[in-house]
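This briefing concerns the structure shown below. The points that follow are grouped by topic.

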Amino acid sequence: MAIRAVVQGIGHALPSKVLTNADLERMVDTTDEWIMQRTGIRERRICGPGDSNSGLATAASQEALADAKIDPSELDLVVCGTVTGDMLFPSTSCLVQSAIGAKRAGAFDVGAACAGFIYSLSVAGSMIEAGHARTVLVIGSDTLTRFVDWTDRSTCVLFGDGAGAVVLRAEEGTDRGLIETVLLADGDGARHIDLQAGGSRYPAWDPATQDVRQAIYMAGSEVYRFAVTAMGDACCRVLQQAGMDAADIDLFVPHQANLRIIESAAKRLGLPDEKVFLNVERYGNTSGASIPIGLYEASKSGRLRRGMVVMTVGFGAGLVWGANLIRW
Ligand code: UT7
């Protein structure tokens, strides 16, 4: 009998500090009207001095484990989608593994930027389906605001921080769980979004590093054009692989980067508004955290219920994109 990777519990964590568009109007030459019209973002949560990527990931994980009623000692694996680890190494997943006391678990990070949770869920689900793990914690966590140039109005209005996590468990004799997944990449587009300083090519200790970009760089309109195509592409491919069509989707939980990008993907799929989950207005683009936070809010508010088919789709730096179909 086929083994399925079923979502058993879910958690999330957000920093308490809120940064509104009105706050940004006092920092750079922007307006609430411009930000709302171009992105749909009204406010976002940003890390304060006491917050960290691993701290948010740990809090989200603890809530997911409690929700699943699973003891950390039962975990075989911790997988964290993040590109903003506390340090270059060790990985965020190892810091979480220690903090939650998952003594038996292996742990690794997946670097797929805003598609980090899509990629991580796919890898974790495949491990379960192949019989290599039975209980896996999957996290999406990012703190991009720690790398934002707060004088650059073209990027500083877009990002927020947060984390979300799910516990996946092997089950047999069920139609619930991960149905299908698609992971895609185009490294030719690497130059469109990057963070150069602090990596091994431009180490933080090297004075020459001062000549390279210290904060997030993004060619907004190139990424916008890519995102609109990529969202539709990943959704169509994952549905085709599953032998399903858009009418089979009960809820669409896309990466929350920009309202206009989400609306164009929903239109391409012919999805009515009530099937499209949105929270970009409150959190902005939280990178790898945005999809699990969306799944969390949708399930806790009753919009996403057991047995429903949910499609997640994401895109980001790499360039990468992908989608997951899950029976909740
Ligand atoms: O998770 C993956 C990461 N990224 C994304 O998903 C981002 C994808 N891209 C986008 O969402 C959009 O390209 C943006 C929201 C970033 C920008 O919207 P746009 O409609 O593509 O604007 P634009 O970059 O073409 O800029 C239009 C104008 C420019 O002024 P000029 O040259 O026309 O005079 C910008 O300087 O808007 C100006 N502008 C701003 N004005 C007020 C750029 N940022 C701001 C701002 N406030 N914050």
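A salt bridge is counted where a side-chain nitrogen of Lys or Arg lies within 4 Å of a carboxyl oxygen of Asp or Glu. By that rule, the side chains of Glu-281 and Arg-42 form a salt bridge, with an N to O distance of 2.8 Å. The model is predicted: local features need pLDDT of at least 70, side-chain atom pairs count only at pLDDT 80 or more, and totals for chains, interfaces and linings use all residues. Residues are numbered from 1 along each chain as its sequence is written, and side-chain values use heavy atoms, with hydrogens and water left out.

**Domains and their interface**

- The protein is divided into domain 1 (3-175) and domain 2 (178-327), with bounds that come from an automatic or database domain assignment.
- The centres of the two domains, taken over C-alpha atoms, are separated by 13 Å.
- In domain 1, 49 residues are in contact with 47 residues of domain 2, where contact means heavy atoms within 4.5 Å.
- The size of an interface is often given as the accessible area lost when the parts come together.
- Between domain 1 and domain 2 the buried area is about 3,800 Å², of which carbon and sulfur atoms give 63%; buried area is the accessible area (1.4 Å probe) that two parts lose on being put together, summed over both.
- Cys-114, Ile-118 and Tyr-119 supply 17% of the area that domain 1 buries against domain 2, more than any other three residues.

**Polar links across the interface**

- The rule finds three salt bridges across the interface of domain 1 and domain 2.
- Polar contact links 19 residue pairs between the domains, both residues being at pLDDT 80 or more. A polar contact is a pair of N or O atoms within 3.5 Å; within protein, one must be able to donate a hydrogen and the other to accept it, and residues adjacent in sequence count only if both atoms are side-chain atoms.
- On the side of domain 1 that touches domain 2, at least two residues each are supplied by β1, α2 (32-39), β3 (43-45), α3, α5, β6 and β7. Helices (H or I, at least four residues) and strands (E, at least two) are DSSP runs, numbered from the N terminus.
- Helix α5 gives the largest share of that side, seven residues.

- Five strands form an open sheet in the order β1-β7-β6-β4-β5, with mixed pairing; two strands pair if DSSP finds at least two bridges between them.
- The edge strands, β1 (3-13) and β5 (106-110), each pair on one side only.
- Neighbouring strands of this sheet are turned by 20 degrees against each other on average, direction ignored. Axes are lines fitted to C-alpha atoms, for helices over the stretch in contact, and angles run from 0 to 180 degrees between N-to-C directions.
- Strands β6 (residues 135-143) and β7 (residues 161-172) run antiparallel and are joined by nine bridges; Gly-140 stands opposite Gly-164 in β7.
- Helix α3 (residues 53-68) lies across β1, β6 and β7, at about 125 degrees to β1.
- Helix α5 (residues 116-129) lies across β1, β4 (77-81), β5, β6 and β7, at about 170 degrees to β6.

**Four-stranded sheet**

- A second open sheet has four strands in the order β8-β13-β12-β11, and its pairing is mixed.
- β8 (177-185) and β11 (251-254) stand at the edges with a single partner strand each, so one side of each is left without a neighbour in the sheet.
- The twist from one strand to the next averages 10 degrees.
- Eight bridges join the antiparallel strands β12 and β13, and Gly-316 has Val-320 in β13 as its bridge partner.

**Backbone geometry**

- Most residues other than glycine have a negative phi, and most peptide bonds are trans.
- Phe-89 and Pro-90 are joined by a cis peptide bond, with omega about 0 degrees; Pro-90 is placed in the loop between β4 and α4 (92-100).
- The peptide bond from Gly-318 to Leu-319 is also cis, with omega near -5 degrees, and Leu-319 lies in the loop between β12 (309-316) and β13 (320-327).
- Ala-113, a residue other than glycine, has a positive phi near 45 degrees and is found in the loop between β5 and α5.
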